[in-house]
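Have the model open beside you as you read.

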Amino acid sequence: MHRGTGRTIGFGRALVREASWPVFSLVPVLGLLNSLWCCWDRPYRQCLHDKLPDTVVVDR
């Protein structure tokens, strides 16, 4: 879901989100940082692969 509008994300944002986490994982420090970022990010608890396309995961 797009954090700013609350609407579902389109193909472009979904592609950026899904393509960014494997890229982050290729760099050891970024992969670890990506995984741990959501532990201290408040209030949305976004990992770096969520921050890049400005998305949040919601529980319905």
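From the N terminus on, the elements run α-α-α. That makes three helices and zero strands, where helices (H or I, at least four residues) and strands (E, at least two) are DSSP runs numbered from the N terminus. The radius of gyration is 11 Å, close to the 10 Å of the globule rule for 60 residues, so the protein is as compact as a globular protein of that length. Here the radius is taken over C-alpha atoms, and the rule is 2.2 Å times the number of residues to the power 0.38.

Before going on, a word on the ground rules: this is a predicted model, in which local features need pLDDT of at least 70 and side-chain atom pairs count only at pLDDT 80 or more, while totals for chains, interfaces and linings use all residues. Residues are numbered from 1 along each chain as its sequence is written, and side-chain values use heavy atoms, with hydrogens and water left out.

Now look at helix α2, residues 28-40, where you will find N34. A kink of about 30° in α2 is centred on N34; the bend at a residue is the angle between axes fitted to the seven residues ending there and the seven starting there. N34 counts as buried because its relative accessibility is 5%, buried meaning under 20% relative accessible area, exposed over 50% and partly exposed in between (1.4 Å probe, protein chains only).

The buried residues of α2 are G31, N34 and C38. An α-helix has 3.6 residues a turn, so residues three or four places apart point the same way. The cover over the buried residues of α2 includes α1 (11-26) and α3 (48-51).

C38 is buried, with a relative accessible area of 18%. C39 is in no disulfide either, its nearest cysteine sulfur being that of C38 at 4.7 Å. At 43% relative accessibility, C39 counts as partly exposed. The disulfide count comes to zero.

Terms used
Contact = heavy atoms within 4.5 Å. Disulfide = S-S within 2.5 Å.
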